[in-house]
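Visitor: Could you walk me through this one, strand by strand and helix by helix?
Guide: Gladly; let us look together.

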Amino acid sequence: MGDPSLRPVNDAPVTGPLAGKTVLIVEDEAVISESIFDTVMDAGGKPLPPCASIVDALNAINASAIDVALVDVNLNGMRSNAVMQALHAKNIPFVAATAYQIAATLGGAPVILEKPYTPAKLREALEEAINLPPPSSDE
C-alpha cells in the first residue's frame, strides 16, 4: 500500500464524512486496492488491509468494527454476494464496485459505483453510503 512515511507532512486535520472512519476494502486486483487504500487515507479514513477473497472479507467483517465498505462484485471470478449479505446483516453501509450493475443490484447494494471510476467518484460513493439512513427494522 502507499507508504505513509513517503507522504508529504500536512498537519491540518482531515475533515469530512470519511475522516476517522474504518473502511473495509474488498478487491482482488492489487493495483486497484492500493489506489482505493490511498484514496481512503487521503480522505482521512482508516482503511483495513484489503481483502482479495470472499473468505478474507467475511473474516474481516466478523473480526473488525467497520464503518463502511467498498466491495468489488466480482472477486476472482466469483460473485461477492455473501460479503454484501454479511455487511447488510450487520447494518454496515457499503458500496458495490462493478461493471455489472445488475449483479450489484441483486446483491442488495445500497450504492453502486460503476467501473472504471476515479478517486473522486470513489470518495463520493463512500460518503454517500456513510450518509444513508440506517435500514428500518422491517427489512
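Visitor: Which residue of β2 is the bridge partner of Thr 22?
Guide: This is a predicted model, where local features need pLDDT of at least 70, side-chain atom pairs count only at pLDDT 80 or more, and totals for chains, interfaces and linings use all residues. Residues are numbered from 1 along each chain as its sequence is written, and side-chain values use heavy atoms, leaving out hydrogens and water. Strands (E, at least two residues) and helices (H or I, at least four) are DSSP runs numbered from the N terminus, and β1 (residues 22-26) runs parallel to β2, joined by 2 bridges. In β2, the partner of Thr 22 is Lys 46.

Visitor: In what order do the 5 strands of the open sheet lie, and which are the edge strands?
Guide: Two strands pair if DSSP finds at least two bridges between them. The pairing here is parallel, in the order β2-β1-β3-β6-β7. Pairing on one side only, the edge strands are β2 (46-47) and β7 (111-114).

Visitor: How many of the 5 residues of β6 are buried?
Guide: Buried means under 20% relative accessible area, exposed over 50%, and partly exposed in between (1.4 Å probe, protein chains only). Phe 94, Ala 96 and Thr 98 point one way, Val 95 and Ala 97 the other, and all are buried. Strand β6 (residues 94-98) is therefore largely enclosed by the rest of the structure, with a buried count of 5 of the 5.

Visitor: Within what arc do the buried residues of α2 fall?
Guide: In α2 (residues 54-63), Ile 54, Ala 57, Ala 60 and Ile 61 are buried. The arc is taken from the directions from the helix axis to the C-beta atoms. The buried residues line one face of the helix, because they fall within an arc of 125 degrees.

Visitor: At roughly what angle do the axes of α2 and α3 cross?
Guide: Axes are lines fitted to C-alpha atoms, for helices over the stretch in contact (heavy atoms within 4.5 Å), and angles run from 0 to 180 degrees between N-to-C directions. The axes of α2 and α3 come within 9 Å and cross at roughly 10 degrees.
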